[in-house]
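Here are my notes for you on this one. Take a look at the picture before reading on.

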Amino acid sequence: MTDCIVVLSLFPFLAQLGYTTTNCCIGNVPTDPIDCIGTRITRIDLNGAQLNTRLSPGIANLDALETLDLSATQLLGPLPIELFSLTNLKVLRLNGNKLMQPIPVQIQALVQLQILDLSRTNLTGPIPDGLGNLPSLQTLELSNNQLTSFPQILNLQSLQSLGLSNNRLSQAPSGLNKLLNLRALYLVSL
């Protein structure tokens, strides 16, 4: 089976991608998975595509990428460090995969990130301090993992929704009362 992300990363100036479920991805592939500005790919949405592979380091070639949705694609960890060189990313959805690793500290490089969904990915260990310093982050979903501690989040002033339910956290993050834009908070079974 050909890995769609590998194919995309080989052609960073690709304007259109045609594929069928028999030659690229198996499963329920969205009908409009890719948006482009000019000839630069800005959005990849393969939600539910059943890739059943690891993310290629070649993902770094897609430097105009703003949205990457690989939710429920059977993506396997660990994540390549090159993913965190995509500094134009605004939306990163990897929920429902089998990453089984700590959240990489390099995530702090994604300073334009507005939505981060890493729920149901079997993430382990502490949440890195750098995650608390993403100034544009509006939605942070980390529920249903094995995370053990949360950093100071006072710098997440744009945060509107925070999901931490069903982790191994012993207490809620300090400073929640300072997040004036927070509208939704999920802390069930810390």
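How many of the 190 residues of the protein chain count as buried?

1. The share that counts as buried is 48% of the 190 residues; buried means under 20% relative accessible area, exposed over 50%, and partly exposed in between (1.4 Å probe, protein chains only).

2. Keep in mind that this is a predicted model: local features need pLDDT of at least 70, side-chain atom pairs count only at pLDDT 80 or more, and totals for chains, interfaces and linings use all residues. Residues are numbered from 1 along each chain as its sequence is written, and side-chain values use heavy atoms, with hydrogens and water left out.

3. Now the confidence. Over residues 15–32 pLDDT stays under 50, and the model has 36 contacts beyond four places in sequence for them; a contact means heavy atoms within 4.5 Å.

4. On to the elements: the protein chain has 1 helix and 10 strands. Helices (H or I, at least four residues) and strands (E, at least two) are DSSP runs, numbered from the N terminus. Among the elements, strand β1 (residues 34–37) has the lowest mean pLDDT, 50, while strand β5 (residues 115–117) has the highest, 98.

5. R40 is partly exposed, at 29% relative accessible area. From R40 to D63 is 23 residues in sequence and 8.4 Å in space, C-alpha to C-alpha.

Technical notes:
pLDDT = per-residue confidence, 0-100.
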